[in-house]
Amino acid sequence: MTPSASSAPSEQESALAEAVALGIPAALSDLGGLVRIPGIAWPAFDQSQLERSADAVAELARDTGVFDEVRVLRANVGDTEELGQPAVLATRAARNGRPTILLYAHHDVQPPGDDELWETPPFEPTVRDGRLYGRGAADDKAGIMAHIAALRAVSSVLGDDLDLGVAMFVEGEEEYGSRSFARFLSDNADALRADAIVVADSGNLDSRTPGLTVSLRGNARFTLTIRTLDHASHSGMFGGAVPDAMMAAITLLATLWDADGAVAVDGMTSRETDTPPYDEETLRDETGLLPGTAPIGRDSILSRIWNKPSITVIGIDATSVEAASNTLLPEVSVVISARVAPGQDAREAYRAIESHLRANAPFGAGLTFSDLDLGDGFLVDTTGWAVEMTRKAMADGYGVAPVDLGVGGSIPFIADLVREFPAAQILVTGVEDPHSRAHSPNESLHLETFRNAVRTEALLLARMNARSTAS
């Protein structure tokens with residue numbers, strides 16, 4: 001499908017498209033340099049690498065020539081004395097009544113996991129089959145470079161006519177829970193305040209079709225400990241009369257889903273809305289679902305992912321297979337990650353899960369809940385001028401009409417943006433496609449998608465530069 005508005009581009013936009021194309025090789029080279037820096041916010045990893053990463057991003061921002069000021073900053077974690085990870089804040093003031101746009105991305109990445117599962121080293125950027133492989137190549141160092149490359153192109157074409165206000169905030173701990181995000185916003189509210197906010201940390205429908213994310217599920221993550229004995233006992237001597245913690249855990253956890261694999265917790269809601277066509281074959285291709293293994297849930301597949309809750313057990317502490325012995329376990333701990341339908345309060349959903357687990361605890365097993373982490377979902381108001389301008393820029397930048405997307409994952413800090421800047425229009429975009437494998441081994445960036453994303457953002461910036469805040 002081609003864009004609905006097919007008028008010939010202006011001389012300025014033709015020059016902008018040429019500037020984007022000329023700048024892509026340098027942008028990809030700089031992206032490769034960022035991928036080589038293993039900046040991981042988990043305390044077990046070398047924290048000096050996050051400082052290297054922040055400094056590298058700050059230097060890229062300075063070199064655009066766009067910003068009046070570029071700083072590497074840290075904020076406190078909540079009301080504690082602990083400092084969060086280094087973030088980059090770059091700003092330029094709007095001139096001549098033009099609006100201000102805030103560009104967000106993050107420079108920290110997920111741990112690589114097992115290096116043996118990577119076809120090439122995770123921090124050695126490698127191009128093959130039209131994709132750039134490496135940890136952070138898509139999530140979210142490509143988001144950073146989409147901002148930088150678009151700013152380079154716009155600055156080279158507009159020069160002194162660039163009146164748009166621009167703030168760029170590149171966070172350093174998004175993958176670690178954005179612990180200092182809310183405090184960073186409040187500490188730097190005046191510098192970050194904007195008419196529109198582009199959050200470049202989402203994805204597209206596929207490698208050709210751009211998407212504007214209009215809904216995100218929330219999240220509720222916690223640790224559940226199940227205890228049935230005050231000490232371990234011989235499974236041969238007492239098995240059959242004494243319930244061990246593993247038996248109780250398996251029995252209890254199984255109640256969270258019905259026979260179709262859909263969430264079976266009273267009080268967790270769903271959102272009703274139409275979704276684009278998406279079949280089981282596509283799901284299998286994008287996820288690696290094994291032959292013979294059936295999908296779970298009911299209704300349309302995208303509705304299950306975008307609009308319904310899900311519950312996943314993502315970690316378990318129990319005796320390993322290697323160390324297994326004939327023992328009744330007294331205690332088992334699991335980490336539960338629930339995704340909450342857009343529109344439902346995350347705390348309300350957590351309370352429903354906790355009530356369900358307490359009501360269904362088998363054999364009188366003792367339950368302890370800890371390490372609760374909550375994040376609310378997000379629904380975009382799609383009536384604003386910036387939303388429409390973004391859709392048009394996507395259509396022209398990709399050559400394909402965009403679709404409105406829901407996303408099954410969560411970006412909890414968007415709730416902080418909404419709270420701190422209620423008047424701003426929030427535009428959730430991204431450079432990932434369904435084969436990017438973010439958070440997984442062999443993460444990659446589709447290079448043509450990256451080119452289209454840069455072209456789109458450059459068009460958006462240039463068109464916002466022509467808009468008066470009085471419009």
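The following questions and answers walk through a predicted model of one protein chain.

Visitor: What pLDDT does the protein chain average?

Guide: The model is predicted, and pLDDT is the predictor's confidence in each residue. At least 70 is the score for 98% of the residues. Residues 1-6 are below 50, and this stretch has 10 contacts in the model beyond near neighbours in sequence. The average for the protein chain is a pLDDT of 95.

Visitor: Which strands are at the edges of the open sheet of three strands?

Guide: The order in this sheet is β4-β5-β18, and the pairing is antiparallel. On average, neighbouring strands are turned by 25° against each other, direction ignored. An edge strand here pairs on one side only, and this holds for β4 (126-128) and β18 (444-446).

Visitor: At about what angle to β18 does helix α13 run?

Guide: Helix α13 is made of residues 447-465. This helix lies across β4, β5 and β18. Its angle to β18 is about 65°.

Visitor: What covers the buried residues of α11?

Guide: Among the buried residues of α11 are Ala386, Val387 and Gly397. The cover includes strands and a helix: β7 (196-203), β8 (211-216), β16 (403-407), β17 (425-432) and α13.

Visitor: Which residue just after α11 takes a positive phi?

Guide: Helix α11 has 14 residues, 385-398. Just after the helix, phi is positive at about 75°, and the residue is Gly399.

Visitor: Is the crossing of α1 and α3 left-handed or right-handed?

Guide: The axes of helix α1 (residues 11-35) and helix α3 (residues 141-158) come within 8 Å and cross at roughly 145°. The residues making the contact include Ala15, Ala19 and Leu31 of α1, and Ile144, Ala149 and Val157 of α3. The crossing is right-handed.

Definitions and conventions:
Residues numbered from 1 in each chain as written. Predicted model: local features only at pLDDT ≥ 70, side-chain atom pairs only at ≥ 80, totals over all residues. Heavy atoms only, no water. pLDDT = per-residue confidence, 0-100. Contact = heavy atoms within 4.5 Å. Pairing = 2+ DSSP bridges. Helix = DSSP H or I, 4+ residues; strand = E, 2+ residues; numbered from the N terminus. Axes fitted to C-alpha atoms, helices over the stretch in contact; angles between N-to-C directions. Expected span 1.5 Å × (residues − 1). Buried < 20%, exposed > 50% of the residue type's maximum accessible area, 1.4 Å probe, protein only. Left-handed = near helix turned anticlockwise from the far one by under 90°.
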